[in-house]
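Please read this note alongside the sequence and the model that follow. The points go from the sheet to the helices, and then to the packing between them.

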Amino acid sequence: MSQSSTTTVVERADADHRYEILVDGRRAGLTANRDLGTQRVFFHTEVDEAFAGQGLGPQLVQQALVDVRASGLRIVPVCPYVAKFLQRHDEFADITDPVTPDVLRWLKAQLG
């Protein structure tokens, strides 16, 4: 009897400024960020279509935000997906900062 069990891991890929969710070693999605002082600014989240509908997005964001807290940083949710996640999960409210025009200008400069 073969049992289909998959291994799902969220890893921080500092060199690429993102967190990645891996399913059996394959990258299934990512949430990209840049650090502005003590703020980790999340600006893009995606899950590969091949992995859609498996609940990987919320799992990825949840674990990324837990890591932000553990790192002593704050969250700035420029990414609409992360912002929506935060509306449903107020356990991160104490480390969430508003998206300001200054942050948006800085982010645009970072991303070129």
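Two strands are said to pair if DSSP finds at least two bridges between them, and strands (E, at least two residues) and helices (H or I, at least four residues) are DSSP runs numbered from the N terminus. This is a predicted model, in which local features need pLDDT of at least 70 and side-chain atom pairs count only at pLDDT 80 or more, while totals for chains, interfaces and linings use all residues. Residues are numbered from 1 along each chain as its sequence is written, and side-chain values use heavy atoms, with hydrogens and water left out.

1. The sheet as a whole. The model has an open sheet of 5 strands in the order β1-β2-β3-β4-β5, with mixed pairing. Its edge strands are β1 and β5 (74-77), each of which pairs on one side only. From one strand to the next the twist averages 30°, where axes are lines fitted to C-alpha atoms (for helices over the stretch in contact) and angles run from 0 to 180 degrees between N-to-C directions.

2. The pairing of the strands. In general, strands of a sheet pair through backbone hydrogen bonds, either parallel or antiparallel. Here strand β1 (residues 8-13) pairs with β2 in the antiparallel sense over 6 bridges, and Glu 11 stands opposite Glu 20 in β2. On the other hand, β2 and strand β3 (residues 26-36) pair in the antiparallel sense over 6 bridges, with Glu 20 opposite Leu 30 in β3. Strand β3 in turn pairs with strand β4 (residues 39-47), in the antiparallel sense and over 8 bridges, and there Arg 34 stands opposite Val 41 in β4.

3. The turns. The hairpin of β1 and β2 has 4 residues between the strands, and in it His 17 takes a positive phi near 55°. The hairpin formed by β2 and β3 has 2 residues between them, and Asp 24 in that turn has a positive phi of about 50°.

4. How many of the 6 residues of strand β2 (residues 18-23) are buried? The count is 6 of the 6, so the strand is largely enclosed by the rest of the structure; buried means under 20% relative accessible area, exposed over 50%, and partly exposed in between (1.4 Å probe, protein chains only). Both faces are covered, with Arg 18, Glu 20 and Leu 22 buried on one side and Tyr 19, Ile 21 and Val 23 buried on the other.

5. The nonpolar cores. A nonpolar core is a set of buried Ala, Val, Leu, Ile, Met, Phe, Trp, Tyr and Cys residues joined through side-chain atoms within 4.5 Å. Of the 21 residues in the largest core, Tyr 19, Phe 42, Leu 65, Ile 75 and Phe 92 touch the most other members. The elements that give two or more residues to this core are β2, α1 (56-70) and α2 (80-88), and the largest share, 6 residues, comes from α1. A second, separate core of 5 residues includes Val 41, Val 76, Val 103 and Leu 107.

6. The aromatic pair. The structure holds 1 aromatic pair, rings of Phe, Tyr and Trp (its six-membered ring) being paired if their centres lie within 6.5 Å, and counted as stacked with planes under 30 degrees apart, edge-to-face over 60 and tilted for the rest. The rings of Tyr 19 and Phe 42 have their centres 6.1 Å apart and their planes at 25°, so the pair is stacked. Because Tyr 19 lies in strand β2 and Phe 42 in strand β4, the pair ties together parts that are 23 residues apart in sequence.

7. Helix α3. This helix (residues 101-111) lies across β3, β4 and β5, and runs at about 120° to β3. Its buried residues are Val 103, Trp 106 and Leu 107. Seen down the axis of α3, these fall within an arc of 100°, so they line one face of the helix; the arc is that of the directions from the helix axis to the C-beta atoms. On the other side of α3, Pro 101, Arg 105, Lys 108 and Ala 109 are exposed. Just after α3, Gly 112 takes a positive phi of about 70°.

Methods:
Contact = heavy atoms within 4.5 Å.
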